[in-house]
Amino acid sequence: MKAPKIMKTYCARCKMHKEHAVSLYKKGRERALSAGRRRYTRKESGYGSQPKPIQKRFAKVTKKQSLRLKCNECGHVTVREGIRLKKIEVV
Ligand SMILES: [Zn+2]
């Protein structure tokens, strides 16, 4: 699927339709000291095998892709709900 670089859509802060810059949502860098990461490193440490299985086979061939919309007027950022796609590009 091809997504437009600029999209005119509703901005919740401006409370009207405004032009938005479109980009793909990307997962941020994982924090080393988050509760889950601390728990997992503790579980991993010490004697024994891999504590949790590493997933190797996936049921789905697609990923949910979300669009990040940034208002050109006020800079308010919203993320569109992702839909399952094999490939998406911002043109
Ligand atoms: Zn706005």
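Reply: We begin with a definition: a salt bridge is a side-chain nitrogen of Lys or Arg within 4 Å of a carboxyl oxygen of Asp or Glu. Side chains of opposite charge can pair when their charged atoms come close. Please keep in mind that this model is predicted.

Me: How many salt bridges are found in the whole structure?

Reply: The search finds two. In one of them, Lys 18 pairs with Glu 73, and their closest N and O atoms are 3.7 Å apart. This pair joins distant parts of the chain, since Lys 18 belongs to strand β3 (residues 16–24) and Glu 73 to the loop between β5 and β6 (77–79), 55 residues apart.

Me: Is Lys 18 buried or exposed?

Reply: Buried means under 20% relative accessible area, and exposed means over 50%. Lys 18 has 18% relative accessibility, so this residue counts as buried.

Me: Which side chain meets Arg 37 in a salt bridge?

Reply: That partner is Glu 30, with an N to O distance of 3.0 Å. Arg 37 is partly exposed, at a relative accessible area of 26%, whereas Glu 30, at 51%, counts as exposed.

Me: Where does Ser 66 lie, and why does Ser 66 count as buried?

Reply: Ser 66 sits in the loop between β4 (63–65) and β5 (67–71). Ser 66 counts as buried because its relative accessibility is 16%. Beyond its neighbours within four places in sequence, Ser 66 contacts several residues, including Ser 23, Tyr 25 and Arg 80.

Methods: Residues numbered from 1 in each chain as written. Predicted model: local features only at pLDDT ≥ 70, side-chain atom pairs only at ≥ 80, totals over all residues. Heavy atoms only, no water. Helix = DSSP H or I, 4+ residues; strand = E, 2+ residues; numbered from the N terminus. Buried < 20%, exposed > 50% of the residue type's maximum accessible area, 1.4 Å probe, protein only. Contact = heavy atoms within 4.5 Å.
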